[in-house]
Every structure is written in structure tokens, then in C-alpha cells.
Amino acid sequence: YPDTGFSLVNSGFFGDVRAAYPSSRTMAPAPGVACALALATICAAVTSEPGARQRALLQRPQPAEPVHTYGVKTSREMIIAAGCFWGVELAFARIPGVLFTDVGYTGGHAADATYRAVSRGTTGHAEAVRIGYDPTQVSYAELLGVFFDIHDPTTLNRQGNDVGTQYRSAIFVADEAERSIAQAAIAAESMRLSKKVATTIEELDVFYPAESYAPTFMIDTYHQHYLEKGGQSAIKGSTDPIRCYG
């Protein structure tokens, strides 16, 4: 928090989290703060520079609708998973035509999802991002192009040092129309990369918004818009590099 001089990293809070939440990642960072410990580095789940498809959308004029507008009649939603959800959320928040984003968990077999359980890889849920968008401004297929631009879809259950089914590459579809578009997008990406794409297509399931494990004096919704609250730009069209912790 540059305006106050307070730092989550230096406060000792992360040490408490390390003790509370056993790690499920390689290289042993604590699961609750693995991205935060990558201070001043590029998030493993998000490429440092926008891809061609992502950049093309970022250069579009800003739509008239305000950012984070819930309940807009023309809006639709999509849910994707592409590794650590902090950077993925910010990448989509910058796209003109995206109305809101939030992070959470979906695609699991357990009756509920919490960060502690999901981080252990025992619930089957993925760290996911829910994206509300105006289809008159940006299409489902175009957003899937951004999805493929910002992560490596060829690694199975892994993005960088984040390993486990909770970090899988997945598209959660609501109907057959979305399934068809997703199948075509995966086939096109596999051909573009000349590699097998590990992205799964899964039925849209219950989405559990991510909760807070931070002390109440910090952030009520700790994971939501985490990087933006840390000082990174969510302005429409921004091409600033996305760091795992602001």
C-alpha cells in the first residue's frame, strides 16, 4: 500500500499464512500467497506482454458502459481457468467490453470450496475467473483468444511453478453454442502452436466467489481485484506488465 507505507509482505502477515496453509506447489511457496511472494516478477499464469489477439482488443475504443457494472441487460458471463487467478482477472478487466470480473473456484466434486481446500488439490476445483461482458462490444470467441494469449494451454495442470488440477487450463461452458466455439478455439490454438492443447472443456458448475483470509482491518474481499487494489492498472486498454503482486 504505497500511500500508507504499509506492506503485506513486510508486516509478518504472510508468515502467519504459511503456518496456517500447507503448500501444494513446487518450490514450496505458501499456497495462500504464492503469487505475492513473486514480488516484482511476472505472474506465472500471465504473459508479460499482450499477445496479438489481446492487444487488438485492448486497442479498441472504450465502450460506453462503466466498468464493474452488474446486471446490465445485454451482459453475458463466461468462466475460465488459467492458473493463478489474480493475474488472469486483471488481464480480462482491462479488455473493453468486459463489464466486471471476479475470482473464485469451480469445477470440483466437493460440496463447497474454500481457498484452503482448493489449494490442497483435494476438491477438484480450479482457480477460476468469472467475466461479465457485453457481446455487442466483444464476443465470446474473442475473449477465448485473450484466454489463450495470457497463459500456456499446453501444460497439463500447471502454469509455471503452480502445479495441480486447481491450476488447470479450462473453459466452463453453459450451453452447446459455447461448447462449439470452445472446441473450435482449442483446435485453432493447437494448430497455431503445432502442439497438443491441454485445455479442457467442462460443464458450467457452481461458482464459489473467493473469500477472504486476511484480517478484517485489511481487505474484506481479499482475493477480488487483488492486483488492482495493490496499485496495478485495470484501466481499459492498459498494456502495463502484470506482476503477481503490485
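Let me begin with a term: a nonpolar core is a set of buried Ala, Val, Leu, Ile, Met, Phe, Trp, Tyr and Cys residues joined through side-chain atoms within 4.5 Å, where buried means under 20% relative accessible area, exposed over 50% and partly exposed in between, with a 1.4 Å probe and protein chains only. What you see is a predicted model, in which local features need pLDDT of at least 70 and side-chain atom pairs count only at pLDDT 80 or more, while totals for chains, interfaces and linings use all residues. Residues are numbered from 1 along each chain as its sequence is written, and side-chain values use heavy atoms, with hydrogens and water left out.

The largest nonpolar core has 43 residues, and those with the most contacts inside it are Ile80, Phe92, Leu144 and Ile171. A second, separate core of seven residues includes Ile79, Ala126, Ala170 and Phe207.

Turning to the rings, five aromatic pairs are found in the whole structure, a pair being rings of Phe, Tyr and Trp (its six-membered ring) with centres within 6.5 Å, stacked if the planes are under 30 degrees apart, edge-to-face if over 60 and tilted for the rest. Phe85 and Tyr105 form a tilted pair, 6.0 Å centre to centre with 40 degrees between the planes. Phe85 lies in helix α3 (residues 85-93) and Tyr105 in strand β2 (residues 98-106), 20 residues apart; helices (H or I, at least four residues) and strands (E, at least two) are DSSP runs numbered from the N terminus.
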